[in-house]
Amino acid sequence: MTILVSNKFILPAFSGLILHGRPGFETELEADFIYRSTTLAGTHSITERHEGLLITSCSIDAPISERSPLLLQHLQQWWPQWIFARQVSACFAFLPALNTQDRIQDLIQAIPSFLHVCDVVFESTDSNEGKSLSRLFKALEARLTDQLRQQGTLRASAPFRLHLVFRDGQTAWLGLSPADASSPWPMGIPRLKMPGGAPSRSTLKLDEALQWLREEDRIRLLKPGMKVVDLGAAPGGWTWQMVQRGMLVTAVDHGSMDKALMQSGMVEHVSADGFVYRPRKTVDWLLCDMVEQPRRIAQLLAQWLQQNHARCIIANLKLPMKRRWEEVQLCLDILHKAARSLPSAPVVRARQLYHDREEITIWVLPSRSEGS
Ligand SMILES: C[S@@+](CC[C@H](N)C(=O)[O-])C[C@H]1O[C@@H](n2cnc3c(N)ncnc32)[C@H](O)[C@@H]1O
């Protein structure tokens, strides 16, 4: 069945969503899905649950011709809002018995010829079984993309991304996402290397948080000479990321900072309580990676916002063992209230990133209309 969107694109019929998140957080991912889906009239449920992967069914209350466009519109709207989903696509085919002698043929047949996509991503569960498929993906990728290019399916200007999500070598779901409302990285996982000089592996969390910024935001908000306060900075993985970008960091922690990093001359170490320290003048960035109750951190960030101590924030909230979804909602409530009370109305975002473990990343950024 094919469906027309705004007289412009032809879409397949979608059965539901394919959601990727962190293994062990499927309950939170499900809560996230249920929370989003209340804004789309219909019956929505989880049909399959794998490690870090949920398949949902979405039966939308709308005329048939409007269902696929509606779901894509909602994917667009929901994309910045997901907290526990790193990658999301709308499912249009399930292939339960791929011919292992010629998977390409089966895949090509399942991809409607009217579809135009700018990108093809191979995805799996975030598990050892998923990782074991990487050789198969390499073998399939070049041949499949060649064929899709030849038949005109793959073209740079197309607004959609095609997702091939394999549960194992024989089972796959096919999904579609708006290219500007999904991750270019398979399963939303950027490939980051541990940098040689960084003092701690935590550095990857901030690196990833910065990769998730829109390019225009990275350009306008990360500039050499900018002032940063890093609360809970030791030994300095986050501070190191900002120093690499030419920024000047006040690192607040009773713990000691990496010696080589201090020798850069770009870091001032203040041995103080991060809940008490405040800068004399507004700084460009507040970073916060203190291990503390999430709502205490959210309240601290809200104070910094309301007292105009920082223009931008990236922070980690360490999640409790139980009732994580509720705790995250409570923290976001605190932050949204603080943001709404300001004339500049900064944007609050939250997401569990690949390098986040029992935690989520928070961004608070000036709205786009505000100059850099
Ligand atoms: C997860 S580590 C931070 C790692 C750091 N972001 C990095 O990349 O190397 C948490 C740090 O928070 C610090 N911390 C915890 N409570 C604090 C407080 N109230 N004030 C200042 N630092 C605190 C700890 O001393 C510890 O160094």
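A polar contact is a pair of N or O atoms within 3.5 Å; within protein, one atom must be able to donate a hydrogen and the other to accept it, and residues adjacent in sequence count only if both atoms are side-chain atoms. The model is predicted, so local features need pLDDT of at least 70 and side-chain atom pairs count only at pLDDT 80 or more, while totals for chains, interfaces and linings use all residues. Residues are numbered from 1 along each chain as its sequence is written, and side-chain values use heavy atoms, with hydrogens and water left out.

A polar side-chain atom of aspartate 289 lies 2.8 Å from a nitrogen atom of the ligand. Taken alone, the ligand exposes 600 Å², and the protein buries 76% of that; accessible areas come from the Shrake-Rupley method with a 1.4 Å probe, and for residues only the protein chains shown count as cover. Glycine 274 brings a backbone N or O atom to 2.7 Å from a nitrogen atom of the ligand. Serine 200 places a polar side-chain atom 2.8 Å from an oxygen atom of the ligand. In total, 17 residues surround the ligand, the closest being Ser200, Gly237, Asp253, Gly274 and Asp289; a residue is near a molecule if one of its heavy atoms lies within 4 Å of it. This shell has eight nonpolar, six polar and three charged residues, where Ala, Val, Leu, Ile, Met, Phe, Trp, Tyr, Cys and Pro count as nonpolar, Asp, Glu, Lys and Arg as charged, and the others, Gly among them, as polar.

The overall fold comes next. The protein has 11 helices and 16 strands; helices (H or I, at least four residues) and strands (E, at least two) are DSSP runs, numbered from the N terminus. Its radius of gyration is 22 Å, close to the 21 Å that the globule rule gives for 372 residues, so the protein is as compact as a globular protein of that length. That radius is taken over C-alpha atoms, and the globule rule is 2.2 Å times the number of residues to the power 0.38. Along its principal axes, the C-alpha trace spans about 65 × 40 × 40 Å. Of the 372 residues, 55% are buried, that is, under 20% relative accessible area, whereas exposed means over 50% and partly exposed lies in between (1.4 Å probe, protein chains only).

Leucine 72 sits in helix H2 and is buried, with a relative accessible area of 7%. Not counting residues up to four places away in sequence, leucine 72 touches Leu11, Phe14, Ala90, Phe160, Leu176 and Pro178, a contact being heavy atoms within 4.5 Å. Arginine 86 lies in the loop between helix H2 (64-78) and strand E6 (87-95). Arginine 86 is buried, at a relative accessible area of 1%, and its side chain reaches the backbone oxygen of glycine 21 at 3.4 Å.

Methionine 187, between strand E9 (171-178) and helix H6 (203-211), has a phi near 60°, a positive value in a residue other than glycine. Arginine 323 has a positive phi as well, near 50°. Methionine 187 is buried, with a relative accessible area of 9%, whereas arginine 323 is exposed, with 60%. Finally, the peptide bond from alanine 234 to proline 235 is cis, with omega near 0°; proline 235 belongs to the loop between strand E10 (227-231) and helix H8 (237-244).
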